[in-house]
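Dear colleague,

Please find the structure below, handed over for your records. My notes on what was found in it follow directly after.

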Amino acid sequence: MAENAVEAGGERFLKKRQVLFLFVFLGGSLAGSQSRRYSVAEEKERGFLIASLAKDLGLSAGELAARGAQIVSKGNKQHFQLNHQTGDLLLLETLDREELCGPTEPCVLHFQILLQNPLLFITNELQVIDINDHSPVFSENEMQLKILENTPPGTIIPLENAEDLDVGKNSLQNYTITPNSHFHVLTRSRRDKRKYPELVLDKVLDREEQPELTLTLTALDGGTPPRSGTVQIHILVLDINDNAPEFTQSLYEVQILENSPLNSVIVTVSASDLDTGNFGTLSYAFFHASEEIRKTFQLNSITGDIQLTKCLNFEAINTYEVDVEAKDGGGLSGKSTVIVQVVDVNDNPPELSLSSITSPIPENSPETVVAIFSVSDLDSGDNGRMICSIENDLPFVLKPSVENFYTLVLEGALDRESRAQYNITITVTDMGTPRLKTQHNITVLVSDVNDNAPAFTQASYTLRVRENNSPALHIGTVSATDTDAGANAQVTYSLLPPADPHVPLASLVSINADNGHLFALRSLDYEALRAFEFRVGAADRGSPPLSSQALVRVLVEDDNDNAPFVLYPLQNTSAPCTELLPRAAEPGYLVTKVVAVDGDAGQNAWLSYQLLKATEPGLFGVWAHNGEVRTARPLSERDAARHRLLVLVKDNGEPPLSASVTLHVLLVDGFSQPHLPPPEAEAEAAAAAPADPLTVYLVVALASVSSLFLFSVLVFVAVRLCGRGGAARAGRCSVPEGPFPGHLVDVSGTGTLSHSYQYQVCVTEDHRTGEFKFLKPIFPNLLVQDTEREIKESSNCRNRFVFS
């Protein structure tokens, strides 16, 4: 079975290889039939358009993409890319012909286009066209040639050629040389067509006239514009011995100081020979020198340096005359004379003796003598004359005194804060040659005077503290600095008396006298005190002390520590407040409005309203932003007559605080129907009412006013009805003609209702019962249709009507 499997695998491999060969054969045949050549100049940028393959292949860009068109290049290097959206063949990178093909011309890159469905290979070529981007380059920057001065004219000297990486007309074409009377250059070609130069001698050379020449060889290519490369040719003319040595000077005169060190070079003699090689090599030696000269001086035979080998003494010998000979390798020589003069030297520096010094010096001091000193010099003449000086940028001046004494005087007042120490260098210089000098350093200290007041870092400080803070809380720091020193710079802080005597500053804040830390002494309440300001002082410990002030403003930030407070309806009355609602009210009818305030500020005082509980859910709604209570739907006969609403008022603080209010709503058929509180409400109100004398007075006053008002109305109605005659006796009321009868009672819309109403009042026949009627309101241009139900006057004066 294994053998069968091997045979089956071999058959499958042969079949695959046959199919592969068939594809390659077909692809090769198709490629050969559709081969194209494109061209592009080297150094084009990435993305340069080479050709439109879709157009050349007769396909659209969509067909190229659908057939999976690919660019296949030889090797792993990809030079092209295919834009499947446009079908354009683009450069993937900048091409360098010299890097790709070197000197080969033409430079051709082969690539294939692979298409699928059906499979198709298309062979293409891209010729990279050379541009003149390389200049001819010589391998060295300079050539050196040696030519004998007796070389005959016509001699040819081969030169090194230049290299140009470009090809064709852009390659090296010609050589030129700077014009001269001795040489010209020829351009030759090798079998590989590369050009090389040859130098031809036109005129005999003379080394003594011109020992060396410098020529510039230029290589030019054929590009447009042409590029070039240059090299310097340095030609040395070789000599024959036909010249004797000659000194640059026939007489050398030298002055040397008597204290010159041993082995120092006092003079260098120099001779030259126009010949070269051994004939131009010179050696120096003393000529007929005395024993004293040979002990005092030494001559270097190669360099011509004359060195001092013995100490000089101006008083013993002040002049030396030395003869020197120069001889070349051919035996020819030349002579020169050296005169050495010994010069007396200034070998004693000045001396400074300090007599007195004053330090430290208080700042702001007037003109003060700082130091007294004298100077001296052991030399004489100009070597003994001296001058004294100090730096120019110092507030001091030197004043000469008797003989060689000087005083160092303070020129102006000093400022220790600017500079606390002065290092003064006194320089004493004599007038000798060379000048000698002596320097002496004096250190002067400046002592402090209390002339600077403390300065706060800010003219005013703004501090923020949240209310309900803990006592002794650190709320901020004030800082002042003093540029003085010592006790004059020690700052003490204090609270200054407030400008407003009503501000209890001593109970609000305190300050640390040493570091300026400010503390809140008690808990602050934003609602009681939102901001306050005071002044702090900073004083130093100088004599006399100096001080300064700064303003501190403390801003108390609000905390959500106050719950909303309901202004209307009042919740602390003995009887609940009842709102009347006509059963004919439409949806959206304004029943009442909850009014609340919050003692906080900002978002802590933003209030929202919410209906928490209702006797009949869905009948009423509360607007979240203004607290208006409105009907949500029409009223029906099945709705209860009394309703109890619980409204929540919540602020926007963190955490939020809230308050609730209970509303009582009574449904009435008309506004003449009295509002009689239930007995249980009266009992609860009476039991809950505190025994407050003020409340009793208010109730009594309200009852008196209400009784007086009711009595006036009854008297007014009785008088009017008595004048009506029979109508009054009949005990009925009729509405007279006219828009607004005079006996109507006007009730202004001072509540939450949107209109004013007028009511007709009638007294019954049996007025001894104390009964009267409120009829339905009379609207303009309408007659009263029905009379109101009779109501009895309540002996409780707290019964009232609220029209909203």
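**The largest nonpolar core**

The largest nonpolar core has 26 residues, of which Phe456, Val478, Phe534 and Val552 touch the most other members. A nonpolar core here is a set of buried Ala, Val, Leu, Ile, Met, Phe, Trp, Tyr and Cys residues joined through side-chain atoms within 4.5 Å. Buried means under 20% relative accessible area, exposed over 50%, and partly exposed in between (1.4 Å probe, protein chains only). Among the elements that each supply at least two residues of this core are strand 33 (460-466), strand 36 (491-495), helix 6 (505-508), strand 39 (531-540) and strand 40 (547-557). Helices (H or I, at least four residues) and strands (E, at least two) are DSSP runs, numbered from the N terminus. Leaving aside residues up to four places away in sequence, valine 552 touches Tyr461, Leu463, Val478, Leu518, Phe532, Glu533, Phe534 and Val536; contact means heavy atoms within 4.5 Å.

**Basis of the model**

This is a predicted model, in which local features need pLDDT of at least 70 and side-chain atom pairs count only at pLDDT 80 or more, while totals for chains, interfaces and linings use all residues. Residues are numbered from 1 along each chain as its sequence is written, and side-chain values use heavy atoms, with hydrogens and water left out.

**The chain as a whole**

The protein chain contains nine helices and 52 strands. Of its 804 residues, 37% count as buried. Among contacts between residues at least 6 apart in sequence, 65% join residues at least 24 apart.

**Salt bridges**

The structure holds 16 salt bridges, each defined as a side-chain nitrogen of Lys or Arg within 4 Å of a carboxyl oxygen of Asp or Glu. One of them joins glutamate 533 and arginine 553 (3.5 Å, N to O). Glutamate 533 lies in strand 39 and arginine 553 in strand 40, so this pair ties together parts that are 20 residues apart in sequence. Glutamate 533 is partly exposed at 43% relative accessible area, and arginine 553 is partly exposed at 35%.

Arg97, Glu98, Glu105 and Asp130 are linked in a network of salt bridges. Within it, the closest N and O atoms of glutamate 105 and arginine 97 are 3.9 Å apart. Arginine 97 is buried, with a relative accessible area of 0%, whereas glutamate 105 is partly exposed at 44%.

Three strands form an open antiparallel sheet in the order 9-12-11. Strand 9 (156-158) and strand 11 (183-189) are its edge strands, each pairing on one side only. Two strands pair if DSSP finds at least two bridges between them; strand 11 and strand 12 (residues 195-201) pair over seven bridges. Leucine 186 stands opposite glutamate 198 in strand 12.

**Backbone features in loops**

Two cis peptide bonds deserve mention. Serine 359 and proline 360 are joined by one, with omega about 5°, and proline 360 lies in the loop between strand 24 (351-357) and strand 25 (361-362). Another joins serine 543 and proline 544, with omega about -5°; proline 544 is in the loop between strand 39 and strand 40.

Glutamate 43, although not a glycine, has a positive phi of about 70°. Its place is in the loop between strand 1 (36-41) and strand 2 (49-52). Asparagine 263 also has a positive phi, near 70°, and is exposed, with a relative accessible area of 53%.

Yours sincerely
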